Amino acid sequence: MGDALEPGRPGQDEKGDPVTKTEAFELMIAHHRALQEHVGMRVAALVNAVAAGSSPEAATAELVAYLADEVLPHALAEEHTIYRVAATRAELAATVTDMIAEHRSLASGIEQLATASTGPDAARQAEAIAALFAAHVAKENDLLLPPLLVDDEVDLAQLLVHML
């Protein structure tokens, strides 16, 4: 998962000690923040290129690559770990269904971005992706992860290990 999870081995801190549930939660939140920041920087570069009348091709390619190489694999890892556990909780099942649908919408949006025929179309699609991703991250951080953190039957540290 890169960025915020680099110091130790999966499920371990920089000293090699196992991370706690709370530390795993904080690492997940930090990683989401890093993903969102990286998406935002790439979207801004694309939008700025279009606004300046420059070719957005390089910025578009960089954004599409980041989304395909970092964001979508992260989403898939979540579906196989965190979402699988959360879906077994009645109070989270509908949220998980919505979030998986958002992953599909994100993938579709990335395809549309990759094939945008004009700079303004690419900029609009990039902004839509950024808005969807920001809302998705907020939902995950605020609605999905906190109940899992306080659930004694859920080991977020172990889920984190399986995401990597």
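Predicted model: local features only at pLDDT ≥ 70, side-chain atom pairs only at ≥ 80, totals over all residues.
Trainee: Why are H1 and H5 called roughly antiparallel?

Mentor: Start with the angle: H1, residues 21-51, packs against H5 at about 170°, and the axes lie 9 Å apart. Angles over 145 degrees count as roughly antiparallel. That makes H1 roughly antiparallel to H5.

Trainee: What classes of residue make up the contact of H1 with H5?

Mentor: That contact has 22 nonpolar, 5 polar and 3 charged residues.

Trainee: What makes H1 roughly antiparallel to H2?

Mentor: The axes of H1 and H2 cross at roughly 160° and come within 9 Å. With the cut-off set at over 145 degrees, H1 is therefore roughly antiparallel to H2. The crossing of H1 with H2 is left-handed.

Trainee: Which residues of H1 and H2 meet?

Mentor: On the H1 side, they include His-31, His-32, Leu-35 and Val-39, and on the H2 side, Leu-63, Leu-67, Val-71 and His-74 are among them. By class, the contact of H1 with H2 divides into 11 nonpolar, 5 polar and 4 charged residues.

Trainee: How do you know that H2 and H4 are roughly antiparallel?

Mentor: Their axes cross at roughly 160° and come within 10 Å. Since angles over 145 degrees count as roughly antiparallel, H2 and H4 are therefore roughly antiparallel to each other. Their crossing is left-handed.

Trainee: Which residues of H2 meet which residues of H4?

Mentor: From H2, you can look for Val-64, Val-71, Ala-75 and Glu-78, among others; the H4 residues they face as a group include Ile-100, His-103, Leu-106 and Ile-110. This contact of H2 with H4 holds 12 nonpolar, 2 polar and 3 charged residues.

Trainee: Now the cavity. How many cavities of 30 Å³ or more does the structure hold?

Mentor: The structure holds 1. About 60 Å³ of space lies in the largest cavity.

Trainee: What makes a space a cavity?

Mentor: A 1.4 Å probe fits there but cannot get out.

Trainee: Which residues line the largest cavity?

Mentor: The lining includes His-32, Val-71, His-74, Glu-78, His-103, Phe-133, His-136 and Glu-140. Helices H2 (57-80), H4 (90-114) and H5 (119-150) each supply at least two residues of that lining.

Trainee: How does the lining divide into nonpolar, polar and charged residues?

Mentor: It has 5 nonpolar, 4 polar and 2 charged residues. Glu counts as charged, and Glu-78 and Glu-140 are in the lining.

Notes: Residues numbered from 1 in each chain as written. Heavy atoms only, no water. 1 Å grid on protein atoms, 1.4 Å probe; cavity = no way out; pocket = protein on both sides within 12 Å on 5 of 7 lines; lining within 4 Å. Points joined across faces, edges and corners; volume = space filled by probe spheres on them. Helix = DSSP H or I, 4+ residues; strand = E, 2+ residues; numbered from the N terminus. Axes fitted to C-alpha atoms, helices over the stretch in contact; angles between N-to-C directions. Parallel < 35°, antiparallel > 145°, perpendicular 65-115°, else oblique. Left-handed = near helix turned anticlockwise from the far one by under 90°. Contact = heavy atoms within 4.5 Å.
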